Structure formats: C-alpha cells, structure tokens
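Please keep the model open while reading.

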Amino acid sequence: MSEPFSVPVTVRGYETDTQGHLNQSVYLNYAEHARWSLLQAAGIRQADLVARGVGPVALETTIRFQRELLAGDEVTVTCAFEWGTGKTFRIRQLVTKADGTVAAEIEAVGGLMDLGERRLVPDPRQRFKELAAEPGLFGL
C-alpha cells in the first residue's frame, strides 16, 4: 500500500489559544487544506467541480486530539480516501509532528453533491475517477 497524500504545515502563532496550543478549530482548517491540496494534485480545480455541477460536502467529522501543538511546530497532514459502495466515502487524516508523534486523528464522512439537484451523487467514486487526472491519489 502506498503512503497517503500529505502536506506540510507550520503552526502559526495567531492560531494558538490562551494556553499556547493550537486552537481546536484550526485542526479542521488543516484537514481541509490537505483535502483541497489532494484534489489539486489529482488535477481537480475548484472551477472544474463547479463547471461539472458538483461539489464536495462534509457530512460528519471526528477529531481525536492526542498531543498539543505549539506555535512554530512543523507538522504533516495526511489525507486518505476510503470508498464504499454508497453515496458517501470516508477520509482518514493524521496530523503528525516532525518527530513522528501523532498530534491528532481526523476522520470524516463526505459526499459529492449535485449542485443543481442539491442531492448527493449516487456514485462519488466514479465521478472522482472521471474528474481526476491522477485518480490513484484517491486510491482509485
């Protein structure tokens, strides 16, 4: 199995809270950044999605905080899609410190919405295959 897609991120001081560690909501931003970076690396721009009348949607997100992150910490945020047979898919992500310590695990359930009908497309896996120049980045 290949390594999941990943992006580097440096924790910025303004993202921290009064205890000096990364604010909980920023983990969601890091996860979203990694997901959009994966889309771009696979050859899917936001404009391409809009032109095809679809857009990714988040349906559920769970974050498990394991270690604190401080301003200046260098982390890697991974992104791996898991496909089933229905209208949804899972995205598993890790936020890992430079020393290999996992700071957070993020698991999300997503879908691909038909922007005209405002409903999930029946087979997001196939749609991503059609859209992506590099579908292997999605595990397809």
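Are Phe128 and Phe138 buried or exposed? Phe128 is buried, and Phe138 is buried too. Buried stands for under 20% relative accessible area, exposed for over 50%, and partly exposed for what lies in between, with a 1.4 Å probe and protein chains only.

The model is predicted: local features need pLDDT of at least 70, side-chain atom pairs count only at pLDDT 80 or more, and totals for chains, interfaces and linings use all residues. Residues are numbered from 1 along each chain as its sequence is written, and side-chain values use heavy atoms, with hydrogens and water left out.

**Aromatic pairs**

The whole structure holds nine aromatic pairs. Two of them are set out below. Rings of Phe, Tyr and Trp (its six-membered ring) pair if their centres lie within 6.5 Å; planes under 30 degrees apart are stacked, over 60 edge-to-face, and the rest tilted.

| Pair | Centre to centre | Angle between planes | Class |
|---|---|---|---|
| Trp83 and Phe89 | 5.1 Å | 50 degrees | tilted |
| Phe128 and Phe138 | 4.9 Å | 40 degrees | tilted |

The pair of Phe128 and Phe138 links distant parts of the chain. Phe128 sits in helix α3 (residues 124–131), Phe138 in the segment after α3, ten residues apart. Helices (H or I, at least four residues) and strands (E, at least two) are DSSP runs, numbered from the N terminus.

Trp83 is buried because its relative accessibility is 16%. Phe89 has a relative accessible area of 4%, so Phe89 is buried as well. Phe81, Trp83, Phe89, Phe128 and Phe138 form one aromatic cluster.

**The largest nonpolar core**

A nonpolar core is a set of buried Ala, Val, Leu, Ile, Met, Phe, Trp, Tyr and Cys residues joined through side-chain atoms within 4.5 Å. The largest one has 35 residues, and Val95 and Phe138 touch the most other members. At least two residues of this core come from each of β1 (5–10), α1, β3 (74–83), β4, β5 and α3. Helix α1 has the largest share, seven residues.

Contact is defined as heavy atoms within 4.5 Å. Not counting residues up to four places away in sequence, Phe138 touches Leu38, Leu39, Ala42, Ile44, Phe81, Trp83, Phe128 and Ala132.

Ser37 lies in helix α1. Its relative accessible area is 15%, so Ser37 is buried. Beyond its neighbours within four places in sequence, Ser37 is in contact with Phe5 and Val7.

Thr96 is in strand β4. Thr96 counts as buried because its relative accessible area is 17%. With neighbours within four places in sequence left aside, its contacts are Glu74, Val75, Thr76, Thr101, Val102 and Ala103.

Arg118 sits in the loop between β5 and β6 (119–120). Its relative accessibility is 56%, so Arg118 is exposed. Arg118 has a positive phi of about 60 degrees although it is not a glycine.

**The second largest pocket**

Which residues lie nearest the centre of the second largest pocket? They are Glu32, Arg35, Pro56, Val57 and Ile91, out of 14 lining residues. The lining has ten nonpolar, two polar and two charged residues. α1 (24–41), β2 (54–65), β4 (88–97) and β5 (102–114) each supply at least two residues of the lining. Helix α1 gives the most, four residues.

Note on methods: On a 1 Å grid over the protein atoms alone, a cavity is a set of points where a 1.4 Å probe fits but cannot get out, and a pocket is an open set with protein on both sides within 12 Å along at least five of seven lines; lining residues have an atom within 4 Å of a point. Ala, Val, Leu, Ile, Met, Phe, Trp, Tyr, Cys and Pro count as nonpolar, Asp, Glu, Lys and Arg as charged, and the others, Gly among them, as polar.
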